[in-house]
Structure formats: C-alpha cells, structure tokens
Amino acid sequence: MAMTISGSLMELCVLALAAREDLYGYKLTQQMKKRFEISESSLYPVLRRLTRAGLLKTYDVPQDGRMRRYYALTEEGWKMLETYRKEWQEFSGNINDLVNLDPDLNQRRLSE
C-alpha cells in the first residue's frame, strides 16, 4: 500500500519547492514525482488554488517559441509556508509518536 499525499500537505510541498526556486509546472511535477506517487493532473489544481489565494504568482517566459508559465512565492506565500512548516512539525511529531514502536511494546509482543 502506497501512502498518498493530498490537501494541505500537497500545498506545503508545492510552496516549499517554489521557495527554493521559481518553477514551471512540468519541472515542479517532476520534482514532486521524485518523492511521491502523484499524477500531473493532481498538481495543477493545487497550483491554481494557491495562485487564486495569492500565495503564488505567475509570469511567462518565452521558451522554444512557446511561453512557459513560472510560479513564484508571493509575500503571503512565504508567510503561509512558515505557518505550514510549524504545523508540519507538530503533525509529524504526533504521527511519529503513534507509529514508532516502543521497545516495551515490542517486548510485550514477544512475551505473548
């Protein structure tokens, strides 16, 4: 079973990648695919949502006779990224507390 990524976690990842450098959609998709099993079709709605919310801005650059749309963080995007990072620290700590096997539990399992 593969773990999936969606919702706020997907937004956090997109904002974090855009914080590193301005990215166009295909490059962003490839960077996400290196880490997670996602489809391109799941990423573009996130980009549109973040843009509509004012967290990303877009600009076009000519590339091989076509325009390539880049995504960059806005000031609000930087603030939201920091908020998401703080929330992630708490969330991931709670998940780790649940899934990490306590040595006493392992001993209990062996003694049964």
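The expected span of a helix is 1.5 Å times one less than its number of residues. The model used in these exercises is predicted.

**Exercise 1.** Compare the reach of helix H1 with its expected span.

Solution. Step one: H1 covers residues 7-20, which gives 14 residues.

**Exercise 2.** Do the comparison for helix H4.

Solution. H4 has 25 residues, and 36 Å is expected.

**Exercise 3.** Which residues of H1 are buried, and what covers them?

Solution. Step one: buried means under 20% relative accessible area. Step two: the buried residues of H1 are Met10, Glu11, Leu12, Cys13, Val14, Leu15, Leu17 and Ala18. Step three: their cover includes strands E1, E2 and E3 as well as helices H2, H3 and H4.

**Exercise 4.** Which residues of H4 are buried?

Solution. Gly77, Leu81, Tyr84 and Ser92 are buried in H4. H1 and E3 are among the elements that cover them.

**Exercise 5.** Which members of the largest nonpolar core touch the most other members?

Solution. Step one: among the 22 residues of this core, they are Val14, Leu15, Met32 and Leu56. Step two: H1, H2, H3, E3 and H4 each give two or more residues to the core. Step three: H1 gives the largest share, seven residues.

Methods
Residues numbered from 1 in each chain as written. Predicted model: local features only at pLDDT ≥ 70, side-chain atom pairs only at ≥ 80, totals over all residues. Heavy atoms only, no water. Helix = DSSP H or I, 4+ residues; strand = E, 2+ residues; numbered from the N terminus. Buried < 20%, exposed > 50% of the residue type's maximum accessible area, 1.4 Å probe, protein only. Contact = heavy atoms within 4.5 Å. Core = buried A, V, L, I, M, F, W, Y, C linked by side-chain atoms within 4.5 Å.
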